[in-house]
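Work through the exercises below with the structure open. Try each task before reading its solution.

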Amino acid sequence: MNTQREGVILLHGLARTRRSMRSLALFLGQRGYTVVNAGYRSCREPIETLAQSTIPPAIAQLRRQGVATIHCVTHSMGGILLRFFLSVERVPELGRVVMLSPPNQGSELVDCLCRFAWFRRVFGPAGCQLTTGTEGLPARLGPADFPLGVITGNRPAIGLGQFFPGPNDGKVSVARAQLAGMADFLEVGCGHSLIMRHRRVQEQVAHFLGNGRFER
């Protein structure tokens, strides 16, 4: 596939930086995509503010480079930034989206921890927006109306699985990573924090961007 006029915006997750997506950025760049690995201060502002301050400059950067199709790949809370942005803004060049371990229906871990002052202090207003109830931002964003593939893990770090009623990656349950309207879904044997660095996951990301489906 000729990817020379296709770009990808990468959005990292909560309490991470663009460095966490560097391996994936290099992988996609080697396959011909123009990549913008966007960074933002995830623990400083609400998701709505973070989305509006982060995504438009990334889109503008790709447009200046003559990109005709703009794909997006997100990790964790980055997927919620993108969902909010697409709920209020139209991107005519939008291609396909892959979300890695997104809390699309919130996270039971946040339900347990957001009542503590230390959690609110460390993870800021955005962290507390990721609850599973109707007050959480994910529940208010609606189904996907764009080509979406979701990949999530099922291997939690020691001690974190106890917060979830079913399979999970230690931060997000397999069930709550899913989103109505998604085109494809893939469960892999990874934990939450490093899923974007696994070569198999990277290959599946590239396959979805090129084909609209994961490879079976």
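The model is predicted.

**Exercise 1. Find which helices the buried residues of H5 pack against.**

Solution. 
- Start with the partners. The buried residues of H5 pack against helix H2 (47-64) and helix H4 (108-113).
- Next, name those residues. H5 spans residues 117-127, and its buried residues are Phe119, Gly124, Ala126 and Gly127.
- Now look down the axis of H5. The buried residues fall within an arc of 165°, so they line one face of the helix.

**Exercise 2. State how many salt bridges a search of the whole structure finds.**

Solution. 
- The search finds three salt bridges. The next exercises take them in turn.

**Exercise 3. Determine which residue forms a salt bridge with Arg63, and where the two residues lie.**

Solution. 
- The partner is Glu93, and the closest N and O atoms are 2.6 Å apart.
- Arg63 is in helix H2, while Glu93 is in the loop between helix H3 (78-88) and strand S4 (94-100).
- The pair links distant parts of the chain, 30 residues apart.
- Classify Arg63. Its relative accessibility is 42%, so Arg63 counts as partly exposed.
- Classify Glu93. Buried means under 20%. At 18% relative accessibility, Glu93 counts as buried.

**Exercise 4. Decide whether Glu108 is buried or exposed, then do the accessibility of its salt-bridge partner.**

Solution. 
- Glu108 has a relative accessible area of 12%, so Glu108 is buried.
- The partner is Arg176, and the two side chains meet at 2.9 Å, N to O.
- Locate the pair. Glu108 sits in helix H4 and Arg176 in helix H6 (residues 174-177). They are 68 residues apart, and the bridge links distant parts of the chain.
- Classify Arg176. With a relative accessible area of 23%, Arg176 is partly exposed.

**Exercise 5. Explain why the salt bridge of Asp184 and Arg216 ties together parts that are apart in sequence.**

Solution. 
- Check the contact. The closest N and O atoms of Asp184 and Arg216 are 2.4 Å apart.
- Place the residues. Asp184 lies in strand S6 (residues 184-188) and Arg216 in the segment after helix H7 (199-211), so the pair ties together parts that are 32 residues apart in sequence.
- Classify Asp184. Its relative accessibility is 9%, so Asp184 counts as buried.
- Classify Arg216. The cut-off for exposed is over 50%. With a relative accessible area of 66%, Arg216 is exposed.

Notes
Residues numbered from 1 in each chain as written. Predicted model: local features only at pLDDT ≥ 70, side-chain atom pairs only at ≥ 80, totals over all residues. Heavy atoms only, no water. Buried < 20%, exposed > 50% of the residue type's maximum accessible area, 1.4 Å probe, protein only. Helix = DSSP H or I, 4+ residues; strand = E, 2+ residues; numbered from the N terminus. Arc of directions from axis to C-beta. Contact = heavy atoms within 4.5 Å. Salt bridge = Lys/Arg side-chain N within 4 Å of Asp/Glu carboxyl O.
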